[in-house]
Amino acid sequence: MARAGYAVGVCVVLAGCTSNGSGEPRESASAKKNGATASASPSPTEVVDISPARLPNTRAQATVLIRDVLPGPADFGPGAVRRPPYERDPRRWPVLGEDCVWEQRGLPKDVLATLTRSYEIPASGDRGPLRLSAVVTAHRTPEQADWENAEVLEEMMRCPEQMLRSDELITDLRNVPASFGESGNEFAEDSLTELGSYTSTAEGLGGVNPYIWEQTRIGQFTLAVSAKGAKGWSQADLFDRLRDPHVGMRSRLRGAIERDPSEPSGDTKDDTRDDRR
């Protein structure tokens, strides 16, 4: 999102690697990465000493882990509450269409489980309602998670203006990626920050406001938080509200998958994959 990979240098500046250069849906890109040769796969550098025995084998196990990693409203600071629907359908996956409009489709094969939660800081005084979210996705391999990060960059370059919903638009998108060891990233294999402008016709949001999406990858997991601004909220305010939840997610994930010092270093995990939900 020097890394060994980042989806092969984001496929040499995104020369059609994740969408075939034609806006192909995300699940088609996922099919490509599932069939990629070893020489074309990224080679992630682990920042966590991951215990194979502690990684989820099934969708049910992955969903339990994700729920433990996701933040609650209080993690976003004073005044934050659940925003309905608090949890999205875990059987669905966001796809950016050729028309640059987001839609929900079934999970691609490389995703073991994913879950998104929505939060809000209600309007108060001269500030409108601040909309927040967090999402954790468990892929089947680190390489597949790496491709997800590459797709975020591809989507921004293909669609610098994106329709989230019929009444929500993000524009002027730009991404700041950082591999491990770059730009202060000492906590994840890859980190990226997407910045832009957010416009909504919803009452109280007050025209054009800042938009932030922050995403990191640790092993086969991606973790992201976002903020869609409103009247009276600066970009710095949004970063402040996202910092602690994102740090907390990484800390809880690390605690869930890190090898215990007493655990043997050999790979003792049964690699059998079970597609049952």
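A disulfide here is a pair of cysteine sulfur atoms within 2.5 Å. In general terms, a disulfide is a covalent bond between the sulfur atoms of two cysteines.

Before we look at it, a word on the source: this is a predicted model, in which local features need pLDDT of at least 70 and side-chain atom pairs count only at pLDDT 80 or more, while totals for chains, interfaces and linings use all residues. Residues are numbered from 1 along each chain as its sequence is written, and side-chain values use heavy atoms, with hydrogens and water left out.

The structure holds 1 disulfide. Cys100 and Cys159 form it, with their sulfur atoms 2.0 Å apart, and at -75° about the S-S bond the link is left-handed. Cys100 sits in the loop between β2 and β3 and Cys159 in the loop between α4 and β6, so the pair ties together parts that are 59 residues apart in sequence. Helices (H or I, at least four residues) and strands (E, at least two) are DSSP runs, numbered from the N terminus.

| Site | Feature | Value |
|---|---|---|
| Cys100 | positive phi, not a glycine | about 65° |
| Pro84 to Pro85 | cis peptide bond | omega near -10° |

Most residues other than glycine have a negative phi, and most peptide bonds are trans. Pro85 belongs to strand β1 (residues 81-87).

Next, the helices. The axes (lines fitted to C-alpha atoms over the stretch in contact, with angles from 0 to 180 degrees between N-to-C directions) of α3 (residues 59-69) and α5 (residues 235-257) come within 8 Å and cross at roughly 140°. The two helices are therefore oblique to each other; angles under 35 degrees count as roughly parallel, over 145 as roughly antiparallel, 65 to 115 as roughly perpendicular and the rest as oblique. Leu65, Asp68 and Val69 in α3 meet Met249, Arg252, Leu253, Ala256 and Ile257 in α5, where contact means heavy atoms within 4.5 Å. By class, this contact has 6 nonpolar, no polar and 2 charged residues. Ala, Val, Leu, Ile, Met, Phe, Trp, Tyr, Cys and Pro count as nonpolar, Asp, Glu, Lys and Arg as charged, and the others, Gly among them, as polar.
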